[in-house]
Amino acid sequence: MGIIERIKEIEAEMARTQKNKATEYHLGQLKAKIAKLRTQLLEPPKGSSGGGDGFEVTKYGHGRVALIGFPSVGKSTLLTMLTGTHSEAASYEFTTLTCIPGVIRYNDTKIQLLDLPGIIEGASEGKGRGRQVIAVAKSSDLVLMVLDASKSEGHRQILTKELEAVGLRLNKRPPQIYFKKKKTGGISFNTTAPLTRIDEKLCYQILHEYKIHNAEVLFREDATVDDFIDVIEGNRKYIKCVYVYNKIDVVGIDDVDRLARQPNSIVISCNLKASSIISLNLDRLLARMWEEMGLVRVYTKPQGQQPDFDEPFVLSSDRGGCTVEDFCNHVHKTLVKDMKYALVWGTSARHYPQHCGLSHRLEDEDVVQIVKKKEREEGGRGRFKTHSNAPARIADREKKAPLKQ
Ligand SMILES: Nc1nc2c(ncn2[C@@H]2O[C@H](COP(=O)(O)OP(=O)(O)OP(=O)(O)O)[C@@H](O)[C@H]2O)c(=O)[nH]1
Ligand SMILES: [K+]
Ligand SMILES: [Mg+2]
């Protein structure tokens, strides 16, 4: 029997089993069995290098966003509208067959947007190009799940399930469970929060299913069986997702209103007709996308000079972090060693400039000057000459508190 058949069989057994205290342990065990099989399914077949088929696109810019959705929901049309890169769009399904990259320039940053083939139910099991598409989604910083506003609302759940089946976790944070396999010593089980959805016995049973007999387990929150399995598997990818309901031009205002109120959702229209372009809300989508990426632009200010507002260093709290240390590493690998302290202007600073150490967390549009150990601090006062591109927020603040150094 193949892996997929085995998964189906266990799923059927779970559906047959009534949920109650007596079956709780058995159900937990079945969940672990499925998780193990799904992980097997993700391993590339023996002898192949995995991927291929023109799906491997080099990362570019400050972040990557993937367009995921059923066929013909308007992914390619959206890519063309947002990036100017043409991606073939047509009224028939599976128009797009590979991964097509485009670039969005927004707020002095560059974001790579990836158009992908449509996926269908069963994609996680290898239907269509599902596996390759999902692999690209996993490599992204944000997923835009594109949905057709005029189609069934169940599509959102079906796609979410497909992505979850391959270890993607949308808009969730990792469970607060410490787990470490050991060589000896048995299982040490501790909690710092009352557990209502899993108990010690069930944990042991799941660990047993994984043939783990020595480990340290510490629950820091009231986690579920699924959370615990996610932590044991260790291969989950926690990723942000915005649900984009497209084609709102063909549904009534009541539907638009209802969809717009769904969690993490935005409604748009991007109808590209030969003679005219009817688009709605794309500016809001861009703003939302940028916000979700959590990018932090940091402008440098060389000693005695105006800050360079032309090109920010772009940090991210999700990728690499955004402390002064992360910033230094971004600029030059020896800078951390040479730094005496940093002077920081902007929203992360309590006063201007604030003397900061390596662990200080920078915020978007901060201005930073790294003072090196050998350098003497410069005396005179200076004001920033605001640049046409300069962030207005900093210009405002400068008025209130003139920038020294
Ligand atoms: N009415 C309306 N039609 C749209 C909108 N956006 C796209 N379309 C149309 O929907 C059809 C499918 O668009 P595509 O961009 O090819 O969709 P896709 O998701 O890339 O499709 P596949 O690549 O086949 O998965 C085309 O005929 C588009 O013109 C919209 O906002 N409103
Ligand atoms: K299409
Ligand atoms: Mg397409």
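In strand β17 (residues 366-372), Asp366 stands opposite Val298, a residue of strand β13 (residues 295-300); helices (H or I, at least four residues) and strands (E, at least two) are DSSP runs, numbered from the N terminus. The model is predicted, and local features need pLDDT of at least 70, side-chain atom pairs count only at pLDDT 80 or more, and totals for chains, interfaces and linings use all residues. Residues are numbered from 1 along each chain as its sequence is written, with chains lettered from A and ligands numbered from 1 in the order in which they are written.

Strands β13 and β17 pair in the parallel sense over three bridges, pairing being assigned if DSSP finds at least two bridges between two strands. With strand β14 (residues 313-316), β13 pairs in the antiparallel sense over four bridges, and here Leu315 is the bridge partner of Val296. Because five of its six residues are buried, β13 is largely enclosed by the rest of the structure; a residue is buried if 20 or more other C-beta atoms lie within 10 Å of its own, exposed if 12 or fewer, and partly exposed in between, with C-beta atoms placed from the backbone.

Most residues other than glycine have a negative phi, and most peptide bonds are trans. Phe94, however, has a positive phi of about 60° and is found in the loop between α3 (75-83) and β2 (100-106), where Phe94 counts as partly exposed because it has 13 C-beta neighbours inside 10 Å. Lys211 likewise has a positive phi, of about 55°, and counts as exposed, with 6 C-beta neighbours inside 10 Å. The peptide bond from Tyr352 to Pro353 is cis, with omega near -15°.
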